[in-house]
Amino acid sequence: MRTLFISESYIKTFSEVQDDMLIKKMTRNIWIVQETYIQPMLGTKLYKKIIADIQLGVMNDTYKTLFENYIQPITLEYTLYKSVPFIHYALTNKSVVKKGGDNNESAELSEIKYLQQEYLNSASALGSACI
């Protein structure tokens, strides 16, 4: 199980995300943000220490200040940035559809290509972080 730096409660408290929003649409992006933006920013050693502290449920005041005042807000902002394109679209077994109230309509080719590029960008960033 992945350790995430922000929760559903955090997202809904500190952003414009409405209470009825399904956070599962954002969970993937939280992890991608942590791996591609936060880990390079903190360095692997500090990143792993923060994760270990979260898993153990203990964090000293210095790390807690860093985490609450900087790491969590940055993670939230990047997660929103990465999630916005995908909130409006859904991948189904029939096609990529645009969500619109109670009705869905097929996405246009240019919109599908845009989503593909977003996935490619995420994958490339993760690959770069891995090397």
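**Figure 1. Salt bridges of the predicted model.** The structure holds two salt bridges, a salt bridge being a side-chain nitrogen of Lys or Arg within 4 Å of a carboxyl oxygen of Asp or Glu. This is a predicted model, in which local features need pLDDT of at least 70 and side-chain atom pairs count only at pLDDT 80 or more, while totals for chains, interfaces and linings use all residues. Residues are numbered from 1 along each chain as its sequence is written, and side-chain values use heavy atoms, with hydrogens and water left out. Side chains of opposite charge can pair when their charged atoms come close.

**Figure 2. The Glu 8 and Lys 12 pair in helix H1.** Glu 8 forms a salt bridge with Lys 12, and the closest N and O atoms are 2.9 Å apart. The two residues are separated by about one helical turn because they are four residues apart in helix H1. Helices (H or I, at least four residues) and strands (E, at least two) are DSSP runs, numbered from the N terminus. Glu 8 is partly exposed, with a relative accessible area of 41%, whereas Lys 12 counts as buried at 17%. Buried means under 20% relative accessible area, exposed over 50% and partly exposed in between, with a 1.4 Å probe and protein chains only.

**Figure 3. The Asp 53 and Lys 49 pair in helix H3.** A salt bridge joins the side chains of Asp 53 and Lys 49 at 2.9 Å, N to O. Both residues lie in helix H3, four residues apart, or about one turn of the helix. Asp 53 is buried at 8% relative accessibility; Lys 49 is partly exposed, at 32%.

**Figure 4. The crossing of helices H3 and H4.** The axes of helix H3 (residues 44–56) and helix H4 (residues 61–87) come within 11 Å and cross at roughly 100°. Axes are lines fitted to C-alpha atoms, for helices over the stretch in contact, and angles run from 0 to 180 degrees between N-to-C directions. Leu 46, Lys 49, Ile 50, Asp 53 and Ile 54 in H3 meet Tyr 63, Leu 66, Phe 67 and Ile 71 in H4. By class, this contact of H3 with H4 has seven nonpolar, no polar and two charged residues. Ala, Val, Leu, Ile, Met, Phe, Trp, Tyr, Cys and Pro count as nonpolar, Asp, Glu, Lys and Arg as charged, and the others, Gly among them, as polar.

**Figure 5. Surroundings of Thr 3.** Thr 3 lies in the segment before helix H1 (8–14) and counts as buried, at 15% relative accessibility. The Thr 3 side chain makes a polar contact with the side chain of Gln 55 at 2.8 Å. A polar contact is a pair of N or O atoms within 3.5 Å; within protein, one must be able to donate a hydrogen and the other to accept it, and residues adjacent in sequence count only if both atoms are side-chain atoms. Leaving aside residues up to four places away in sequence, Thr 3 touches Gln 34, Ile 51, Ile 54 and Gln 55, where contact means heavy atoms within 4.5 Å.

**Figure 6. Gln 34 in helix H2.** Gln 34 is found in helix H2 (residues 24–42) and is buried, at 0% relative accessibility. The Gln 34 side chain reaches the backbone nitrogen of Phe 5 at 2.6 Å. Residues touched by Gln 34, not counting those up to four places away in sequence, include Thr 3, Tyr 47 and Thr 75.
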